[in-house]
Protein chains: 2
Amino acid sequence: MEQLFVIKIGGNVVDDANFLSSFLQDFSMERAPRILVHGGGKIATRIGEKLGIESRYVNGRRITDAGALDLVTMVYGGLVNKQIVARLQASGCNALGVTGADAGLLPAVKRPVKEIDYGFVGDIESSRVNTAGVQLLLNHGIVPVFAPLTHDGKGQMLNTNADTIASCLAVALSEQYAVRLIFCFEKKGVLQDVANDQSVIPLIDTLRYQTLLQEKVLADGILPKLENAFSACRSGVKEVLIGDARDLKQNCSGQVSGTLIRL
Amino acid sequence: MEQLFVIKIGGNVVDDANFLSSFLQDFSMERAPRILVHGGGKIATRIGEKLGIESRYVNGRRITDAGALDLVTMVYGGLVNKQIVARLQASGCNALGVTGADAGLLPAVKRPVKEIDYGFVGDIESSRVNTAGVQLLLNHGIVPVFAPLTHDGKGQMLNTNADTIASCLAVALSEQYAVRLIFCFEKKGVLQDVANDQSVIPLIDTLRYQTLLQEKVLADGILPKLENAFSACRSGVKEVLIGDARDLKQNCSGQVSGTLIRL
């Protein structure tokens with residue numbers, strides 16, 4: 001099976017011009033088929049404040065009302081996505097920016113209202129991901145760059161978590177490719193000791209994960225990422241890597257510097 | 001040669017929700033290979049005002065400074081483009097939204113500063129249009145939807161007139177397709193008498209154009225459109241049609257209701 005990298009960068013990378021530049025440079029040097037998924041960053045909040053669109057949160061989760069949806073569609077789907085595409089093109093990487101609406105790549109449903117009404121937030125219909133559309137691009141040397149947006153197939157754009165988009169793409173494409181799903185952030189990997197950046201755990205398999213959970217050494221923020229990672233592995237993704245955006249080159253090679261997650 | 005429609009809608013269509021809806025419905029009913037190019041509309045001006053980004057004009061031409069470029073990249077490349085794509089998808093049209101940066105489809109150069117510095121405005125390098133990239137999409141039943149933006153190949157997005165994008169695409173693809181380039185606006189076509197909406201001139205060829213110019217009956221606003229149309233025809237486009245966005249169905253058929261322009 002051919003290898004495919006599905007690489008997600010978070011808002012912290014997008015927000016830092018130098019960080020982003022050097023990441024995109026490294027990303028464009030890779031030659032294997034690859035997909036980039038980007039988060040949004042604080043720029044949407046800044047622009048939203050000027051437009052009088054407040055960021056509303058319930059229990060720490062962002063609520064996407066109609067104004068917030070327009071905001072993220074503009075900022076993530078337009079500004080951030082196209083700036084990334086233009087820079088990748090400049091580095092010789094044939095990037096094409098998309099949302100989940102484009103070519104119907106990521107069909108989603110508006111999240112049902114239970115205790116919280118999240119508003120215009122999309123839950124991807126993972127069995128309906130348009131893998132043929134993604135493969136068409138990949139087979140022609142085109143690098144899809146996903147903004148964190150989907151659609152409901154009825155004309156409605158939906159705000160969608162970038163981690164979830166990356167996971168869904170990785171899972172959907174794992175029938176055709178040996179997928180390494182890479183979550184890039186600003187730490188070296190999953191840390192044994194949150195206070196020590198050098199305490200990266202190089203490999204976490206199912207057994208090690210159980211032990212780490214029992215020892216309660218992991219930072220709260222990393223738990224959903226790990227759960228997400230194992231869920232992807234259980235659904236066919238070969239391996240998941242959590243690492244520093246600055247270490248992309250190693251993390252696309254055999255000598256990973258972050259944390260590799262396998263069943 | 002297979003027929004291809006390159007269809008441009010202006011800001012007036014984009015701004016009017018009902019107008020746009022019925023246009024997109026008609027557009028999605030067509031079955032021939034087709035490309036949509038959309039203008040921006042006044043929404044960018046409205047959002048710009050809230051963001052404190054003024055629309056600057058010199059001699060009636062918009063100047064695109066860095067703030068204005070971010071604005072149009074957001075609003076045209078994100079909000080307007082993705083809303084159109086989501087609606088087309090809902091109508092069964094496999095739309096994929098792009099700018100000229102995506103897949104390097106439309107390489108451009110920043111307009112050289114002469115009497116006026118237009119700022120971040122792109123002049124398309126017509127000989128370098130990535131026709132293979134457009135054809136890849138068309139051959140797979142994908143309908144490209146272009147926002148009026150290009151890039152300079154060095155990482156810089158550029159604001160670019162939607163009419164020009166439509167013309168350049170029509171010309172570049174005229175080697176592979178019999179192209180009808182359709183400019184949709186809110187009038188029935190080129191009018192013999194500007195005060196009479198029923199005075200549409202059904203066909204303008206080179207001879208008729210010369211006569212009309214000598215008679216000075218044409219409205220000022222239509223002259224650049226006609227010049228642009230004849231220029232496209234001289235560069236290989238089979239025919240250009242100027243007509244009402246509400247008459248798309250007829251204007252994609254043999255019974256045009258607008259003005260057909262041929263050499």
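Q: Which residues in α7(B) meet α8(B)?
A: This is a predicted model, to begin with. In it, Thr206(B), Tyr209(B) and Leu213(B) of α7(B) are in contact with Leu223(B), Leu226(B), Glu227(B) and Phe230(B) of α8(B). By class, that contact has five nonpolar residues, one polar and one charged.

Q: At what angle do the axes of α7 and α8 of chain B cross?
A: At roughly 155°, and the axes come within 12 Å. Angles over 145 degrees count as roughly antiparallel, so α7(B) and α8(B) are roughly antiparallel to each other.

Q: Is the crossing of α7(B) and α8(B) left-handed or right-handed?
A: The crossing of α7(B) and α8(B) is left-handed.

Q: Switching to α3 of chain B. Which residues are buried there?
A: Helix α3(B) covers residues 43–51, and its buried residues are Ile43(B), Ala44(B), Ile47(B), Gly48(B) and Leu51(B).

Q: Why are they on the same side of α3(B)?
A: Because they cover an arc of only 130° around the axis. In general, an α-helix has 3.6 residues a turn, so residues three or four places apart point the same way.

Q: And what is exposed on the other side of α3(B)?
A: Glu49(B) and Lys50(B) are exposed there.

Q: What covers the buried residues of α3(B)?
A: The cover includes α3 (43–51) and α4 (66–90) of chain A, along with α1 (11–15) and α4 (66–90) of chain B.

Q: Which residue follows α3(B)?
A: Gly52(B), with a positive phi near 75°.

Terms used
Residues are numbered from 1 along each chain as its sequence is written. Chains are lettered from A and ligands numbered from 1 in the order in which they are written. This is a predicted model: local features need pLDDT of at least 70, side-chain atom pairs count only at pLDDT 80 or more; totals for chains, interfaces and linings use all residues. Side-chain values use heavy atoms; hydrogens and water are left out. Axes are lines fitted to C-alpha atoms, for helices over the stretch in contact, and angles run from 0 to 180 degrees between N-to-C directions. Helices (H or I, at least four residues) and strands (E, at least two) are DSSP runs, numbered from the N terminus. Angles under 35 degrees count as roughly parallel, over 145 as roughly antiparallel, 65 to 115 as roughly perpendicular and the rest as oblique. A crossing is left-handed if the near helix is turned anticlockwise from the far one by less than a right angle, and right-handed if clockwise. Contact means heavy atoms within 4.5 Å. Ala, Val, Leu, Ile, Met, Phe, Trp, Tyr, Cys and Pro count as nonpolar, Asp, Glu, Lys and Arg as charged, and the others, Gly among them, as polar. Buried means under 20% relative accessible area, exposed over 50%, partly exposed in between (1.4 Å probe, protein chains only). The arc is that of the directions from the helix axis to the C-beta atoms.
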